[in-house]
Protein chains: 2
Amino acid sequence: MSRVYVFLADGFEEIEGLCAVDLLRRAGCDVITVSIMGRREITGSHRIKVEADALFEEIDRKADMLVLPGGMPGTNYLKSHAGLAEYLNEQYGQQGYIAAICAAPSVFEGLGFLEGRKATSYPGCLGENVGCYLEEPVVTDGHVTTSRGVGTAIPFALRLIEILKGKDKAEEIASSIIYD
Amino acid sequence: MSRVYVFLADGFEEIEGLCAVDLLRRAGCDVITVSIMGRREITGSHRIKVEADALFEEIDRKADMLVLPGGMPGTNYLKSHAGLAEYLNEQYGQQGYIAAICAAPSVFEGLGFLEGRKATSYPGCLGENVGCYLEEPVVTDGHVTTSRGVGTAIPFALRLIEILKGKDKAEEIASSIIYD
(Lines give C-alpha, C1' and ligand atoms only; values in the text may rest on other atoms or scores of the structure.)
Protein backbone atom coordinates (compact mmCIF):
# COMPACT_ATOMS: atom_id res chain seq x y z
CA MET A 1 0.00 0.00 0.00
CA SER A 2 1.34 3.44 -0.93
CA ARG A 3 1.99 5.61 2.09
CA VAL A 4 1.48 9.35 1.84
CA TYR A 5 2.26 12.00 4.44
CA VAL A 6 0.32 15.27 4.22
CA PHE A 7 2.00 17.88 6.41
CA LEU A 8 -0.23 20.23 8.36
CA ALA A 9 0.57 23.49 10.13
CA ASP A 10 -1.62 26.24 11.56
CA GLY A 11 -2.88 28.35 8.66
CA PHE A 12 -2.75 25.55 6.08
CA GLU A 13 -5.32 25.83 3.31
CA GLU A 14 -7.92 23.28 4.37
CA ILE A 15 -9.28 22.21 0.99
CA GLU A 16 -5.81 21.97 -0.59
CA GLY A 17 -4.64 19.66 2.17
CA LEU A 18 -7.79 17.68 2.89
CA CYS A 19 -8.81 17.12 -0.72
CA ALA A 20 -5.55 15.19 -1.21
CA VAL A 21 -6.23 13.22 2.00
CA ASP A 22 -9.81 12.43 0.99
CA LEU A 23 -9.17 11.40 -2.63
CA LEU A 24 -5.96 9.47 -1.95
CA ARG A 25 -7.77 7.52 0.79
CA ARG A 26 -10.59 6.78 -1.67
CA ALA A 27 -7.89 5.40 -3.98
CA GLY A 28 -6.66 3.04 -1.25
CA CYS A 29 -3.52 4.88 -0.16
CA ASP A 30 -2.36 4.90 3.45
CA VAL A 31 -2.59 8.64 4.04
CA ILE A 32 -1.32 10.07 7.32
CA THR A 33 -1.80 13.72 8.24
CA VAL A 34 1.29 14.92 10.08
CA SER A 35 1.35 17.98 12.32
CA ILE A 36 4.58 20.00 12.35
CA MET A 37 3.29 22.10 15.27
CA GLY A 38 4.16 19.74 18.12
CA ARG A 39 0.43 19.14 18.85
CA ARG A 40 -2.32 17.30 17.02
CA GLU A 41 -4.84 20.17 16.96
CA ILE A 42 -4.37 22.35 13.89
CA THR A 43 -6.36 25.43 12.83
CA GLY A 44 -6.46 26.05 9.08
CA SER A 45 -6.34 29.40 7.30
CA HIS A 46 -10.16 29.55 7.27
CA ARG A 47 -10.52 28.72 10.96
CA ILE A 48 -11.40 25.06 10.40
CA LYS A 49 -9.98 22.96 13.24
CA VAL A 50 -8.70 19.50 12.41
CA GLU A 51 -6.86 16.83 14.35
CA ALA A 52 -3.73 15.43 12.69
CA ASP A 53 -3.13 11.67 12.74
CA ALA A 54 0.46 11.99 13.95
CA LEU A 55 3.13 14.43 15.06
CA PHE A 56 6.21 14.98 12.93
CA GLU A 57 8.29 13.61 15.81
CA GLU A 58 6.37 10.31 15.69
CA ILE A 59 6.66 9.33 12.02
CA ASP A 60 9.17 6.80 10.72
CA ARG A 61 10.02 8.86 7.61
CA LYS A 62 9.12 6.06 5.23
CA ALA A 63 6.56 7.32 2.77
CA ASP A 64 6.11 7.01 -0.97
CA MET A 65 4.97 10.60 -1.27
CA LEU A 66 5.16 13.81 0.74
CA VAL A 67 2.45 16.43 0.19
CA LEU A 68 2.51 20.11 1.21
CA PRO A 69 -0.72 22.14 1.18
CA GLY A 70 -0.53 25.90 0.72
CA GLY A 71 -2.22 28.62 2.73
CA MET A 72 -0.81 31.30 4.99
CA PRO A 73 0.80 31.30 7.47
CA GLY A 74 0.88 27.50 7.00
CA THR A 75 3.40 27.66 4.17
CA ASN A 76 5.73 29.81 6.30
CA TYR A 77 5.64 27.20 9.07
CA LEU A 78 6.47 24.47 6.53
CA LYS A 79 9.33 26.59 5.21
CA SER A 80 10.89 27.22 8.61
CA HIS A 81 10.71 23.65 10.01
CA ALA A 82 14.27 22.29 9.98
CA GLY A 83 13.22 18.65 10.39
CA LEU A 84 10.83 18.85 7.48
CA ALA A 85 13.49 20.48 5.28
CA GLU A 86 15.87 17.64 6.14
CA TYR A 87 13.21 15.02 5.34
CA LEU A 88 12.26 16.73 2.07
CA ASN A 89 15.95 16.79 1.09
CA GLU A 90 16.24 13.08 1.88
CA GLN A 91 13.09 12.22 -0.11
CA TYR A 92 14.13 14.43 -3.03
CA GLY A 93 17.65 12.98 -3.05
CA GLN A 94 16.20 9.47 -3.33
CA GLN A 95 13.96 10.53 -6.25
CA GLY A 96 10.96 10.03 -3.95
CA TYR A 97 7.68 11.67 -4.86
CA ILE A 98 7.02 15.14 -3.47
CA ALA A 99 4.07 17.42 -4.20
CA ALA A 100 3.03 20.94 -3.24
CA ILE A 101 0.15 23.27 -4.09
CA CYS A 102 -0.60 27.01 -4.03
CA ALA A 103 2.10 28.85 -2.00
CA ALA A 104 3.83 25.62 -0.92
CA PRO A 105 5.90 25.07 -4.11
CA SER A 106 7.96 27.97 -2.70
CA VAL A 107 9.20 25.51 -0.05
CA PHE A 108 10.59 23.38 -2.90
CA GLU A 109 12.08 26.42 -4.60
CA GLY A 110 13.83 27.41 -1.38
CA LEU A 111 15.45 23.96 -1.22
CA GLY A 112 16.62 24.20 -4.85
CA PHE A 113 14.30 21.43 -6.10
CA LEU A 114 12.82 23.53 -8.92
CA GLU A 115 16.08 24.55 -10.60
CA GLY A 116 15.93 23.38 -14.22
CA ARG A 117 12.47 22.00 -13.57
CA LYS A 118 8.96 22.84 -14.83
CA ALA A 119 6.63 23.92 -12.04
CA THR A 120 3.60 25.99 -11.13
CA SER A 121 2.19 27.68 -8.01
CA TYR A 122 -0.30 30.29 -6.87
CA PRO A 123 0.46 33.46 -8.89
CA GLY A 124 3.43 35.35 -7.48
CA CYS A 125 4.60 32.59 -5.11
CA LEU A 126 7.67 31.45 -7.05
CA GLY A 127 10.75 33.52 -7.85
CA GLU A 128 13.81 33.14 -10.05
CA ASN A 129 14.95 29.67 -9.06
CA VAL A 130 12.52 27.76 -11.27
CA GLY A 131 13.45 26.19 -14.60
CA CYS A 132 10.18 26.94 -16.33
CA TYR A 133 7.05 28.42 -14.75
CA LEU A 134 3.84 27.09 -16.32
CA GLU A 135 0.29 28.40 -15.78
CA GLU A 136 -1.17 24.88 -15.85
CA PRO A 137 -3.44 23.49 -13.10
CA VAL A 138 -0.97 20.72 -12.25
CA VAL A 139 2.63 20.23 -13.39
CA THR A 140 4.59 17.02 -12.89
CA ASP A 141 8.29 17.05 -13.76
CA GLY A 142 9.95 13.80 -12.79
CA HIS A 143 9.12 13.05 -9.15
CA VAL A 144 8.04 16.62 -8.37
CA THR A 145 4.41 17.75 -8.72
CA THR A 146 3.15 21.29 -8.21
CA SER A 147 -0.27 22.91 -8.46
CA ARG A 148 -1.95 26.31 -8.11
CA GLY A 149 -4.71 26.68 -5.51
CA VAL A 150 -8.04 25.56 -4.08
CA GLY A 151 -9.53 25.67 -7.57
CA THR A 152 -6.99 23.06 -8.72
CA ALA A 153 -7.09 20.89 -5.57
CA ILE A 154 -9.11 18.11 -7.25
CA PRO A 155 -6.93 17.77 -10.39
CA PHE A 156 -3.88 17.93 -8.07
CA ALA A 157 -5.19 15.04 -5.94
CA LEU A 158 -6.17 13.08 -9.06
CA ARG A 159 -2.65 13.51 -10.46
CA LEU A 160 -1.19 12.16 -7.21
CA ILE A 161 -3.49 9.13 -7.52
CA GLU A 162 -2.36 8.66 -11.11
CA ILE A 163 1.29 8.71 -9.98
CA LEU A 164 0.78 6.20 -7.16
CA LYS A 165 -2.06 4.03 -8.48
CA GLY A 166 -2.21 4.56 -12.22
CA LYS A 167 -4.38 6.40 -14.70
CA ASP A 168 -7.31 3.96 -14.49
CA LYS A 169 -7.64 4.43 -10.73
CA ALA A 170 -7.50 8.23 -11.14
CA GLU A 171 -10.24 8.07 -13.76
CA GLU A 172 -12.32 5.76 -11.57
CA ILE A 173 -12.08 8.18 -8.62
CA ALA A 174 -12.85 11.21 -10.85
CA SER A 175 -15.96 9.48 -12.13
CA SER A 176 -17.06 8.36 -8.64
CA ILE A 177 -16.95 11.95 -7.33
CA ILE A 178 -18.81 13.34 -10.39
CA TYR A 179 -15.81 15.29 -11.63
CA ASP A 180 -15.46 16.15 -15.31
CA MET B 1 -23.32 39.75 7.51
CA SER B 2 -24.94 36.62 6.12
CA ARG B 3 -24.95 33.78 8.61
CA VAL B 4 -24.63 30.21 7.34
CA TYR B 5 -24.88 27.00 9.34
CA VAL B 6 -23.12 23.93 7.93
CA PHE B 7 -24.35 20.82 9.74
CA LEU B 8 -21.80 18.13 10.55
CA ALA B 9 -22.28 14.53 11.62
CA ASP B 10 -19.90 11.57 11.83
CA GLY B 11 -19.38 10.26 8.31
CA PHE B 12 -19.99 13.58 6.57
CA GLU B 13 -18.09 14.05 3.31
CA GLU B 14 -15.28 16.33 4.35
CA ILE B 15 -14.67 18.22 1.11
CA GLU B 16 -18.39 18.73 0.43
CA GLY B 17 -18.86 20.28 3.87
CA LEU B 18 -15.58 22.12 4.32
CA CYS B 19 -15.36 23.56 0.81
CA ALA B 20 -18.58 25.46 1.52
CA VAL B 21 -17.17 26.63 4.88
CA ASP B 22 -13.88 27.73 3.32
CA LEU B 23 -15.26 29.57 0.28
CA LEU B 24 -18.20 31.20 2.10
CA ARG B 25 -15.78 32.49 4.75
CA ARG B 26 -13.56 33.87 1.98
CA ALA B 27 -16.66 35.69 0.72
CA GLY B 28 -17.20 37.30 4.12
CA CYS B 29 -20.07 35.15 5.41
CA ASP B 30 -20.40 34.26 9.08
CA VAL B 31 -20.16 30.48 8.70
CA ILE B 32 -20.71 28.28 11.74
CA THR B 33 -20.14 24.52 11.63
CA VAL B 34 -22.77 22.84 13.77
CA SER B 35 -22.41 19.33 15.17
CA ILE B 36 -25.61 17.30 15.43
CA MET B 37 -23.76 14.58 17.42
CA GLY B 38 -23.92 16.17 20.88
CA ARG B 39 -20.11 16.69 20.87
CA ARG B 40 -17.79 18.97 18.96
CA GLU B 41 -15.41 16.28 17.67
CA ILE B 42 -16.60 14.87 14.35
CA THR B 43 -14.97 12.21 12.18
CA GLY B 44 -15.72 12.49 8.47
CA SER B 45 -16.33 9.67 6.01
CA HIS B 46 -12.62 9.61 5.11
CA ARG B 47 -11.41 9.56 8.71
CA ILE B 48 -10.59 13.26 8.87
CA LYS B 49 -11.29 14.59 12.36
CA VAL B 50 -12.64 18.12 12.69
CA GLU B 51 -13.93 20.19 15.56
CA ALA B 52 -17.30 21.86 15.01
CA ASP B 53 -17.78 25.48 16.09
CA ALA B 54 -21.03 24.78 17.94
CA LEU B 55 -23.45 22.08 19.00
CA PHE B 56 -26.95 21.98 17.54
CA GLU B 57 -28.30 22.56 21.05
CA GLU B 58 -26.37 25.85 21.30
CA ILE B 59 -27.42 27.66 18.13
CA ASP B 60 -30.10 30.36 18.06
CA ARG B 61 -31.66 29.08 14.81
CA LYS B 62 -31.24 32.39 13.03
CA ALA B 63 -29.31 31.81 9.84
CA ASP B 64 -29.70 33.03 6.28
CA MET B 65 -28.75 29.64 4.87
CA LEU B 66 -28.57 26.03 6.06
CA VAL B 67 -26.12 23.69 4.31
CA LEU B 68 -26.07 19.89 4.40
CA PRO B 69 -22.96 18.01 3.19
CA GLY B 70 -23.34 14.46 1.89
CA GLY B 71 -21.33 11.38 2.78
CA MET B 72 -22.27 8.22 4.59
CA PRO B 73 -23.29 7.58 7.29
CA GLY B 74 -23.38 11.37 7.76
CA THR B 75 -26.46 11.82 5.62
CA ASN B 76 -28.33 9.17 7.63
CA TYR B 77 -27.56 11.04 10.85
CA LEU B 78 -28.86 14.28 9.27
CA LYS B 79 -32.00 12.45 8.15
CA SER B 80 -32.79 11.00 11.56
CA HIS B 81 -32.22 14.12 13.69
CA ALA B 82 -35.65 15.36 14.77
CA GLY B 83 -34.43 18.82 15.81
CA LEU B 84 -32.74 19.38 12.46
CA ALA B 85 -35.88 18.25 10.59
CA GLU B 86 -37.93 20.73 12.60
CA TYR B 87 -35.43 23.54 11.90
CA LEU B 88 -35.29 22.70 8.17
CA ASN B 89 -39.09 22.77 8.05
CA GLU B 90 -39.10 26.18 9.74
CA GLN B 91 -36.45 27.56 7.37
CA TYR B 92 -38.17 26.09 4.31
CA GLY B 93 -41.56 27.42 5.41
CA GLN B 94 -40.12 30.93 5.66
CA GLN B 95 -38.60 30.64 2.16
CA GLY B 96 -35.14 30.67 3.80
CA TYR B 97 -32.20 29.38 1.81
CA ILE B 98 -31.35 25.71 2.16
CA ALA B 99 -28.70 23.75 0.28
CA ALA B 100 -27.56 20.12 0.11
CA ILE B 101 -25.01 18.14 -1.87
CA CYS B 102 -24.37 14.51 -2.87
CA ALA B 103 -26.59 12.18 -0.79
CA ALA B 104 -27.96 15.01 1.37
CA PRO B 105 -30.65 16.24 -1.07
CA SER B 106 -32.43 13.04 0.04
CA VAL B 107 -33.00 14.76 3.40
CA PHE B 108 -34.92 17.47 1.52
CA GLU B 109 -36.82 14.88 -0.48
CA GLY B 110 -37.85 13.11 2.72
CA LEU B 111 -39.30 16.37 4.04
CA GLY B 112 -41.24 16.97 0.80
CA PHE B 113 -39.18 20.02 -0.22
CA LEU B 114 -38.43 18.70 -3.72
CA GLU B 115 -41.99 18.01 -4.84
CA GLY B 116 -42.61 20.04 -8.01
CA ARG B 117 -39.05 21.31 -7.84
CA LYS B 118 -35.93 20.88 -10.01
CA ALA B 119 -33.08 19.23 -8.13
CA THR B 120 -29.98 17.09 -8.43
CA SER B 121 -27.97 14.74 -6.18
CA TYR B 122 -25.36 12.00 -6.28
CA PRO B 123 -26.63 9.39 -8.78
CA GLY B 124 -29.26 7.14 -7.24
CA CYS B 125 -29.83 9.21 -4.09
CA LEU B 126 -33.20 10.70 -4.97
CA GLY B 127 -36.44 8.79 -5.55
CA GLU B 128 -39.88 9.62 -6.86
CA ASN B 129 -40.69 12.71 -4.84
CA VAL B 130 -38.77 15.15 -7.03
CA GLY B 131 -40.35 17.45 -9.59
CA CYS B 132 -37.56 17.23 -12.13
CA TYR B 133 -34.20 15.50 -11.68
CA LEU B 134 -31.37 17.25 -13.55
CA GLU B 135 -27.83 15.95 -14.11
CA GLU B 136 -26.33 19.42 -13.67
CA PRO B 137 -23.47 20.18 -11.24
CA VAL B 138 -25.63 22.60 -9.25
CA VAL B 139 -29.36 23.25 -9.41
CA THR B 140 -31.08 26.19 -7.74
CA ASP B 141 -34.89 26.26 -7.75
CA GLY B 142 -36.23 29.15 -5.70
CA HIS B 143 -34.59 29.03 -2.26
CA VAL B 144 -33.46 25.41 -2.60
CA THR B 145 -30.02 24.51 -4.01
CA THR B 146 -28.77 20.97 -4.64
CA SER B 147 -25.54 19.55 -6.03
CA ARG B 148 -23.91 16.21 -6.87
CA GLY B 149 -20.66 15.29 -5.09
CA VAL B 150 -17.07 16.15 -4.20
CA GLY B 151 -16.41 16.91 -7.87
CA THR B 152 -19.05 19.65 -7.79
CA ALA B 153 -18.20 21.01 -4.31
CA ILE B 154 -16.52 24.15 -5.68
CA PRO B 155 -19.33 25.17 -8.07
CA PHE B 156 -21.80 24.38 -5.25
CA ALA B 157 -19.97 26.70 -2.84
CA LEU B 158 -19.65 29.39 -5.53
CA ARG B 159 -23.41 29.20 -6.19
CA LEU B 160 -24.09 29.71 -2.47
CA ILE B 161 -21.82 32.78 -2.55
CA GLU B 162 -23.71 34.07 -5.59
CA ILE B 163 -27.01 33.64 -3.72
CA LEU B 164 -25.84 35.42 -0.56
CA LYS B 165 -23.30 37.92 -1.91
CA GLY B 166 -23.99 38.31 -5.63
CA LYS B 167 -22.45 37.17 -8.89
CA ASP B 168 -19.50 39.59 -8.74
CA LYS B 169 -18.36 38.23 -5.38
CA ALA B 170 -18.69 34.63 -6.62
CA GLU B 171 -16.58 35.48 -9.68
CA GLU B 172 -14.01 37.26 -7.52
CA ILE B 173 -13.66 34.21 -5.26
CA ALA B 174 -13.49 31.81 -8.25
CA SER B 175 -10.69 33.89 -9.75
CA SER B 176 -8.82 34.17 -6.42
CA ILE B 177 -8.74 30.36 -6.01
CA ILE B 178 -7.64 29.81 -9.65
CA TYR B 179 -10.89 28.12 -10.62
CA ASP B 180 -12.07 28.17 -14.23
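**Exercise 1. A helix in chain B**

Which are the buried residues of H5(B)? Describe the helix and what its buried residues pack against.

Solution. The model is a predicted one.

Step 1. Locate the helix. H5(B) covers residues 153-165, which is 13 residues. From first C-alpha to last, H5(B) reaches 18 Å, close to the 18 Å expected at 1.5 Å a residue.

Step 2. Apply the cut-off for burial. A residue is buried if 20 or more other C-beta atoms lie within 10 Å of its own. In H5(B), 10 of the 13 residues are buried, and the helix is mostly covered.

Step 3. List them. The buried residues are Ala153(B), Ile154(B), Phe156(B), Ala157(B), Leu158(B), Arg159(B), Leu160(B), Ile161(B), Glu162(B) and Leu164(B).

Step 4. Find their partners. Within chain B, these buried residues pack against two helices, H1 and H6 (167-176). They also pack against strands S6 (65-68), S7 (97-101), S10 (138-141) and S11 (144-147) of chain B.

Step 5. Look at the end of the helix. Just after H5(B) comes Gly166(B), with a positive phi of about 100 degrees.

**Exercise 2. The relation between the two chains**

Step 1. The same surface serves both copies, as 100% of the contact residues of chain B recur in chain A.

**Exercise 3. The side of chain B that touches chain A**

How many residues of chain B are in contact with chain A? State which elements supply them and how they divide by type.

Solution. Step 1. The contact involves 25 residues of chain B and 25 residues of chain A.

Step 1. On the chain B side, helix H1 (14-26) and strand S4 (49-51) each supply at least two residues. H1(B) gives the largest share, 8 residues.

Step 2. By type, this side of chain B divides into 13 nonpolar, 4 polar and 8 charged residues.

Step 3. Turn to the strands. S4 of chain A (residues 49-51) and S4(B) pair in the antiparallel sense over 3 bridges. Opposite Lys49(A) stands Glu51(B) in S4(B).

**Exercise 4. Backbone exceptions**

Where is there a cis peptide bond in chain A, and where in chain B?

Solution. Step 1. Most residues other than glycine have a negative phi, and most peptide bonds are trans.

Step 1. In chain A, the cis bond joins Met72(A) and Pro73(A), with omega about 5 degrees. Pro73(A) lies in the loop between strand S6 (65-68) and helix H2 (74-79) of chain A.

Step 2. In chain B, the cis bond joins Met72(B) and Pro73(B), again with omega about 5 degrees. Pro73(B) sits in the loop between S6 and helix H2 (74-79) of chain B.

Step 3. Arg47(A) is not a glycine, yet its phi is positive, about 60 degrees. Arg47(A) is in the loop between strand S3 (41-43) and S4 of chain A. Arg47(A) counts as partly exposed because it has 14 C-beta neighbours inside 10 Å.

Step 4. Gln95(B), also a residue other than glycine, has a positive phi near 60 degrees. Gln95(B) is in the loop between helix H3 (82-93) and S7 of chain B. With 10 other C-beta atoms within 10 Å, Gln95(B) is exposed.

Terms used: Residues numbered from 1 in each chain as written. Chains lettered and ligands numbered in written order. Predicted model: local features only at pLDDT ≥ 70, side-chain atom pairs only at ≥ 80, totals over all residues. Contact = placed C-beta atoms within 7 Å. Helix = DSSP H or I, 4+ residues; strand = E, 2+ residues; numbered from the N terminus. Nonpolar A, V, L, I, M, F, W, Y, C, P; charged D, E, K, R; others polar. Pairing = 2+ DSSP bridges. Expected span 1.5 Å × (residues − 1). Buried ≥ 20, exposed ≤ 12 C-beta atoms within 10 Å, placed from the backbone.
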